[in-house]
Amino acid sequence: MNRPDGPAGPRTTGPAYAVVIPTLARATLSDCLAALAAARGPQPDEIVLVDDRSEPEPGALEHPLAVLGDLRARTTVLTSGGRGPAAARNTGLRAVTTPWVAFLDDDVQVGPHWCDQLVQDLGEASPDTAAVQGVIAVPLPGERRPTDWERGTAALARARWITADMAYRTDALKQVAGFDERFRRAFREDADLALRVLDAGWRIRQGRRTTRHPVRPADRWVSLRAQRGNSDDALMLRLHGPDWWHKAVAPRGRIRSHLAVTAAGVASCALAASGRRRAAAVAALGWAAGTAEFAWERIAPGPRTRYEATTMAVTSVLIPPAASWHWLSGMWRHRAAPAWQEVAS
């Protein structure tokens with residue numbers, strides 16, 4: 001693919017870079033592209049928008065693309081077949097010709113000086129620096145405590161190597177074969193890539209540019225659906241070993257307590273069915289105590305409205321077995337996955 005100069009003219013300063021945005025054609029895409037088009041500084045040489053819907057609707061992206069203005073001429077739209085953001089980013093990576101590629105999520109909004117700051121970040125990168133991470137800002141309501149979902153989104157501001165705004169050297173990505181497409185969700189695929197890049201001898205540093213990540217609207221079951229990520233944690237364990245949490249500077253999570261609470265609940269039912277009522281009661285007490293502790297941990301820092309408290313109470317009952325199921329199914333599904341070091345050698 002030839003690199004178009006577009007109406008804004010060819011680049012005159014700074015490292016050449018492309019922008020790759022995987023998308024499901026969500027309503028947030030227009031704001032994402034409008035912020036990119038409005039950002040001051042040397043514009044991207046290429047923009048690759050990767051539609052990752054399994055059955056894209058013809059013309060569905062025409063309205064979001066219209067906000068790009070002059071950058072529309074530099075934009076290519078590809079499809080990746082609904083295989084997840086890792087595969088979508090690889091699809092975009094294969095299309096770019098620049099030495100740097102900046103990945104953005106379709107629900108972020110780059111800052112007004114993002115292009116200037118990105119070029120500065122890339123220009124200051126040492127030859128052994130593979131990637132420069134952007135600063136993620138998550139706006140939270142100021143008039144009340146944040147909900148559980150809002151707190152979870154806010155944690156992205158502290159996440160290491162998050163691809164909501166991450167610029168990589170194209171050569172470094174090719175050296176490690178890009179993103180691992182077994183990660184089918186927007187979860188852990190960025191940490192896995194970063195660990196492989198670091199293992200290959202590169203460095204990753206924090207940049208100065210800022211990108212806004214608003215909290216998307218979500219229904220009350222969003223935390224339950226998020227438990228699918230435990231399957232990805234199981235894959236991380238296989239690829240990077242039992243200390244992958246430490247390597248990835250990621251929170252340990254509650255999978256061990258979820259497994260224990262679920263086991264207590266299952267044991268209580270089994271013991272009751274076998275007529276061992278006292279033992280069943282002890283197991284039920286353990287399940288209730290673990291569930292109550294989990295629910296309060298989620299309710300206490302929040303707004304404590306009736307809706308939020310009810311949602312936290314109900315989902316705190318359902319999350320431990322859901323998390324356990326996804327963890328165990330992931331361990332089984334990825335049981336034969338070799339460690340990354342074995343593949344690399």
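Let me begin with a definition: a residue is called buried under 20% relative accessible area, exposed over 50%, and partly exposed in between, with a 1.4 Å probe and protein chains only. By that rule Tyr307, at 48% relative accessibility, counts as partly exposed. Tyr307 lies in helix H13, residues 306-333; helices (H or I, at least four residues) and strands (E, at least two) are DSSP runs, numbered from the N terminus. The C-alpha atoms of Tyr307 and Trp161 are separated by 34 Å, and the two residues are 146 places apart along the chain.

The model before you is predicted: local features need pLDDT of at least 70, side-chain atom pairs count only at pLDDT 80 or more, and totals for chains, interfaces and linings use all residues. Residues are numbered from 1 along each chain as its sequence is written, and side-chain values use heavy atoms, with hydrogens and water left out.

I turn now to the sheet. Eight strands form an open sheet of mixed pairing, in the order E3-E2-E1-E4-E7-E6-E8-E5. Strands are said to pair if DSSP finds at least two bridges between them. Strand E3 (75-79) and strand E5 (109-110) stand at the edges; each has a single partner strand, so one side of each is left without a neighbour in the sheet. Within E8, Thr211 is the bridge partner of Val110.

Which strands pair with E1 in the parallel sense? One is E4, over four bridges, and another is strand E2 (residues 46-51), over six bridges. Val20 illustrates both pairings: Val20 stands opposite Phe103 in E4, and its bridge partner in E2 is Val48.

Strand E1 covers residues 17-23, and seven of its seven residues are buried, so this strand is largely enclosed by the rest of the structure. In a regular strand the side chains alternate between the two faces of the sheet. In E1 both faces are covered: Tyr17, Val19, Ile21 and Thr23 are buried on one side, as are Ala18, Val20 and Pro22 on the other.

Phe103 leads us to the aromatic residues. The structure holds three aromatic pairs; rings of Phe, Tyr and Trp (its six-membered ring) pair if their centres lie within 6.5 Å, and planes under 30 degrees apart count as stacked, over 60 as edge-to-face and the rest as tilted. The rings of Phe103 and Phe179 have centres 5.3 Å apart and planes at 90 degrees, so this pair is edge-to-face. The pair links distant parts of the chain, with Phe103 in strand E4 (residues 100-104) and Phe179 in the loop between H6 and H7, 76 residues apart. Phe103 counts as buried at 0% relative accessibility, and Phe179 is buried with a relative accessible area of 3%. For Trp244 and Trp245, the ring centres are 4.2 Å apart and the planes lie at 25 degrees, so that pair is stacked. Both Trp244 and Trp245 are buried.

Next, the nonpolar cores. Such a core is a set of buried Ala, Val, Leu, Ile, Met, Phe, Trp, Tyr and Cys residues joined through side-chain atoms within 4.5 Å. Which members of the largest core touch the most other members? Of its 37 residues, they are Tyr168, Val197 and Ile204. Helix H7 (residues 189-199) supplies the largest share of this core, five residues. Apart from this core lies another, of 33 residues, including Leu29, Ala125, Val138 and Ala154.

Finally, I would draw attention to Arg188, in the loop between helix H6 (170-175) and H7. Is Arg188 buried or exposed? At 13% relative accessibility, Arg188 counts as buried. Its side chain is joined to that of Asp233 by a polar contact of 2.6 Å; a polar contact is a pair of N or O atoms within 3.5 Å, where within protein one must be able to donate a hydrogen and the other to accept it, and residues adjacent in sequence count only if both atoms are side-chain atoms. Not counting residues up to four places away in sequence, Arg188 touches Phe183, Asp232, Asp233, Met236, Trp244, Trp245, Ala250 and Pro251, contact meaning heavy atoms within 4.5 Å. Arg188 also has a positive phi of about 70 degrees although it is not a glycine.
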